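This report describes metal sites in a protein model. The sequence and structure come first.

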Amino acid sequence: MMITADDNNNDLQEYPRRSGAMNSSTKECTSCEQNNVDNITEGIDNVVLDNTSTCANCGKEGNSDNMNTCNKCKMVKYCNAACKKKHRKKHKKACERRVAELFDEQLFKDVEPDECPICLIPMPHDADQISVESCCGKRICSGCMYAMKLSEGKDLCAFCRTPTAATDEEEIKRVKNLMDKGVGGAFFLLAGYYALGDLGLTQDRTKCNELLLRGGQLGYSEAYYNLGNSYEVGRGVEVDKKKSQHYFELAAMGGHVSARYNLGLLEYRAGNQHRAFKHFIMAARAGHETSLEVVKAGFRDGLVTKDEYANTLRAHHESQKEMKSDERDKASKIKEEMRRSGFRA
Ligand SMILES: [Zn+2]
Ligand SMILES: [Zn+2]
Ligand SMILES: [Zn+2]
Ligand SMILES: [Zn+2]
């Protein structure tokens, strides 16, 4: 089966072949200071009756609240740090297994798609069809931008009706104002300006990646996706396949379908077909075209069952239908026409 990289967002180049199973995903991220384990195990506590627990090392009973918990899996308790240390070697395997399980639960959890705040239709997957407004920080779909332009004949924010910034300085000022308020999309916007050297800024890939990281941490999955691409192709950073996978995972957990497709690709190339198709099926169900093609091919090759394929196909069409609107179709058509006539939209 031939599977190619998703170039939907024009960044991801063909991956070189990878080897080795995927087991890096459970480690702490070394660059974003985000402790996956803590995020994943949040809210999960060991089941304790009457608040008494047994030390996993020496067997002594104690009050759970005063005991020392394994801070990775949160599954076992110890009377003190010494017991914890003594037990470390014995516990390591079970701990890693549990952490991996918890991680996978998060990684393969369905995420509700984002909606456009105006038309309330699920957002398109293509980043080209979404705009982050520097006035109010809202993400608006191309259909709503098109409708606004049509009704007003000028560029107003479709959400708050603020006119587009008149100067580069004004635009940067707006974006920085949103950044102060912790709007993830604003970090993504500024990252984009630095990536291109736009708005009179000097092109700076390092700065761009720093901003992408911050945007991702603030919940903007498109930023994590782009950061994954930076590590994949070595843009402003050294190529680092583990980190690119890590950021694709964080993006996919935030509902980014192209990131999920890329994860499928990475798993497929690492020989982990089962995990790969779990990703492809999820992305296809969410309406991702290329993933559906892969699932179809997988069905032909006997890697996907008939039922799985039929269900995926149904969900795919459903998602596609939900994302469609007349305005979005018209906006796409205009963009396509402009592209054909040599304009860069
Ligand atoms: Zn003990
Ligand atoms: Zn543990
Ligand atoms: Zn909309
Ligand atoms: Zn606005």
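Predicted model: local features only at pLDDT ≥ 70, side-chain atom pairs only at ≥ 80, totals over all residues.

Residues are numbered from 1 along each chain as its sequence is written, chains are lettered from A and ligands numbered from 1 in the order in which they are written, and side-chain values use heavy atoms, with hydrogens and water left out.

Donors are N, O and S atoms within 2.8 Å of the metal (3.2 Å for Na, K and Ca); water is not among the atoms, so sites may look incomplete. Four donors count as tetrahedral if all angles lie between 85 and 135 degrees.

| Site | Protein donors | Distance |
|---|---|---|
| zinc ion (ligand 1) | Cys55 (SG), Cys58 (SG), Cys79 (SG), Cys83 (SG) | 2.1 to 2.3 Å |
| zinc ion (ligand 4) | Cys135 (SG), Cys136 (SG), Cys157 (SG), Cys160 (SG) | 2.3 to 2.4 Å |

The site of the zinc ion (ligand 1) is tetrahedral, with angles of 104 to 117° among its four donor atoms. Its donors follow the spacing C-x2-C-x20-C-x3-C along the chain. Cys55 lies in the loop between β1 (52-54) and β2 (61-63), and Cys79 in the loop between β4 (77-78) and α2 (81-107), so the pair ties together parts that are 24 residues apart in sequence. Helices (H or I, at least four residues) and strands (E, at least two) are DSSP runs, numbered from the N terminus. Cys55 is buried at 3% relative accessibility, whereas Cys79 is partly exposed at 29%. Buried means under 20% relative accessible area, exposed over 50%, and partly exposed in between (1.4 Å probe, protein chains only).

The site of the zinc ion (ligand 4) is also tetrahedral, its four donor atoms making angles of 100 to 119°. The donor residues of this ion are spaced C-C-x20-C-x2-C. Cys135 sits in the loop between β5 (130-132) and β6 (139-141), and Cys157 in the loop between α3 (142-152) and α4 (168-180), so this pair ties together parts 22 residues apart in sequence. Cys135 is partly exposed at 22% relative accessibility, while Cys157 is buried at 2%.

Conventions. Tetrahedral: all angles 85-135°; square planar, octahedral: opposite > 155°, others 65-115°.
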